[in-house]
Amino acid sequence: MAFTAFSSQAVVEQAPRKRSVIALVLLLPGILYLVLFFLAPLISLIITSFQQPVLDGDIGEYTAGFQWQNYADAMAEYWPLVLRAFGYALIATVLALVISYPIAYFIGVKARRWPLLQSLMLTLVIAPFFISFLLRTLAWKQIMSDEGPIVVFLKSIAVLPSDGHLTGTAFSVIFGLTYNFIPFMTLPLYATLERLDTRYIEAGADLYASPWTTFRKITIPLSMPGIVSGTLLTFIPAAGDYINASRDFLGSSSTAMVGNAIEANFLVLQNYPIAAALSIVLMAVILIIVGIYVRRSGTEDLI
Amino acid sequence: MTSAVPAKAFEQASFEPSPASRRRFRMRGIGLPIYTVLALLFLLIPIAYTFVFSFNDSGKLNIAWQGFTLEKWLTVCNTQGLCEAFGNSILVGVIATVIATALGTLIAIALVRYRFRARSAISLLLFLPMATPEVVLGAGLAAQFLTIGAEKGLVTIILAHTMFCISFVVVTVKARVASLDPALEEAGRDLYGSPTQVFWRITFPLLLPGIAAAALLSFALSFDDFIITNFNSGAVDTFPKFIYIAAARGIPAQVNVIASAVFLLAIVIVVVAQVSRAARAKRLARQS
C-alpha cells in the first residue's frame, strides 16, 4: 500500500517527455510546503538537539551550541526506554503479522468469489479507524481493569495471582500496540494477497509439495511486498507511540517507551535539547532498520 | 520486487480456480473462516464497548455499568469544552484536508505525467513523512515554532496536519492518475478545448473518485491525530486531546456519544460508497 506506492519504476518509463515548466508549477507548492513544514522542522530538531542552556536563564531557555553531551545525557538516562520501544514494537509487529496474515488470506484469497462478503469483512477490518485511537485504547484499559471480566476470570482459574494486574504491564502495552496496528498490517497484506494467482498454489500441490511447503515457498514470497509494507506501517508508528505505554492508558512508569520520554521532556520538563536528541536517535535508528530491512527483503524500489 | 513480473504476466488471466482445486480448497476445512470471524469480532470489542457505554447512566466516571439512559446523547454539549474541542477537530480536519488534497493532487499529476530532474529526491521527500514516527514530526514542528516564536494554536495545528496528509494524498491520487487514459484528454484537445477546459471537464471528473478517497483519508487522519496535535496545539483542544486530558480523571459518557456518532456516520459513508461502487460496476458490466 502506502510504502509500495512510490515504486515509480514503471511510471518513469511511461512518463512522456513534456515541458518541465508545467511539472515545476504542479510540484512547487506542495514540495515547498514539505520543505517548510517537514524538512525545516527536522533541521530545527537537529539544531535544538545541540543547544545549551542559557547561563542564569529560566527553565526552557536555550541558546545555540554544539553540545554532543546532550546525546550522551539523553542516552545515559533513557537508553532502557529506547530499547523497550524497539522491543515492544518488534514483538507487536510480529504478533500483528501472525494475527493478520490468516485474516488477509481469507478475505483476499478464499472470499474472492463473494465480493460482497469481501467488502463487508474489509469494512470490519478498518472499522477501528473510525473510532478514536485513544478511546479504543481506553476501552481495553477498562476491559482489562482489575474489576473487569478478564482479570476476574484469569484470577478464578489462577493464571493471574490474586494481587496481579493486567493494565500497567508490558503485556497490556504490547497488547494495545498489537491491537491498534492490526488494520495497518491487514490492509497491505490483503492488497497483495488479493492479486495472488492461486494457480501457483495449485502448481505447488500438483508437484507434491505439502501445504506447508507450498505456503512457505510460494504464498509467502509472492506476498512479500504486502508483508514489507505491513510490517513497516506497524513497526514505525509502534516504536514512536506513547499512548499505549502512557500511565493513563495501558502502561505504567515501568513500561515507558522513548515516545513518553520525548513528550515529557518537550511538553512538561521543557528540556527541549534532550527531547530533540531522543527524537533524532529514534528517527535515525528507524531509518537504519528500514533501510536494512527493505534491502534484505529484496524490495529496493520502495521509494 | 519479486512478484512484479508474474503478477503482471497473469494480470489478464482469470483467477478462477479449476473445479478440482476448488474442491480441494473446500476440503481444507472451516478453521480459517472461523478464525477470521473471531478475529474480526475481536477487532470490534472496543467499538462495542464504547458504544454500549455511551448509554450508561453514569455520574462523572463512566466505568461501571449503572443502567441504560439516552440522557448522555441528548446532553452532549453540556460537558465543558467537549463540543468546542469537537468543533475544532472538524474545522482543522476540513481546512487541512482541502489544502493537502489540492497540493497532493498536483504533485500526483506531475509525478505520473511529467519528466523532471530530482525525481528521486522528490519521491524521498514524499516518502519520509510517512516513515517518520509521529512523535518526531510533532517535536520537530514544535521546535520549529519555538525557534521562530510562533504562538501555538489552531493555525499551527492546521499547518501540522496538512503536512502529514500530503504524502497520503499523493499515494492515493497517483494510482488514479496512472490508470487514467491519456487519449481522453487528447480527444478534448483535438476538439479545441483549452488546457483549463480539458482539465476541469475531463481530467478532474475522471480523477474525482481518487481525489475523494484521498480527501476522506486526510480527514480521517487529521480527525484522529493526537500525537502531532499534542505537540503543536498550545491551549487549544481537539477531540482526541480532550480525551487525552480527560483520561487522567475519567472520561465522561458524552465522549462515547460523540465517538459513537462519528463511528456510525463513517460506517454509513463507507457502506454507501461501496454499494454505489458495486452498482456502478454492475451497470458497466451490463453495458459491455
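These legends go with close-up views of a predicted model. Local features are shown only at pLDDT of at least 70 and side-chain atom pairs count only at pLDDT 80 or more, while totals for chains, interfaces and linings use all residues. Residues are numbered from 1 along each chain as its sequence is written, and chains are lettered from A and ligands numbered from 1 in the order in which they are written.

**View 1. The annotated domain of chain B.** UniProt, in an unreviewed entry, lists residues 86-276 of chain B as "domain: ABC transmembrane type-1"; such annotations may be inferred rather than shown by experiment. The stretch is 83% helix and 0% strand, with helices being DSSP runs of H or I, at least four residues, and strands runs of E, at least two. Its end C-alpha atoms sit 30 Å apart.

**View 2. Helices α5 and α8 of chain B.** Here α5 (residues 82-113) packs on α8 (residues 154-178) at about 40°, with the axes 5 Å apart. Axes are lines fitted to C-alpha atoms over the stretch in contact, and angles run from 0 to 180 degrees between N-to-C directions.

**View 3. Helix α9 of chain B.** After α9(B) comes B:Tyr192, with a positive phi near 65°.

View 4. The unreviewed UniProt entry's "transmembrane region" spans include residues 21-47 and 170-191 of chain A. Residues 21-47 are 100% helix, with end C-alpha atoms 35 Å apart. Residues 170-191 are 100% helix too, and their end C-alpha atoms lie 32 Å apart.
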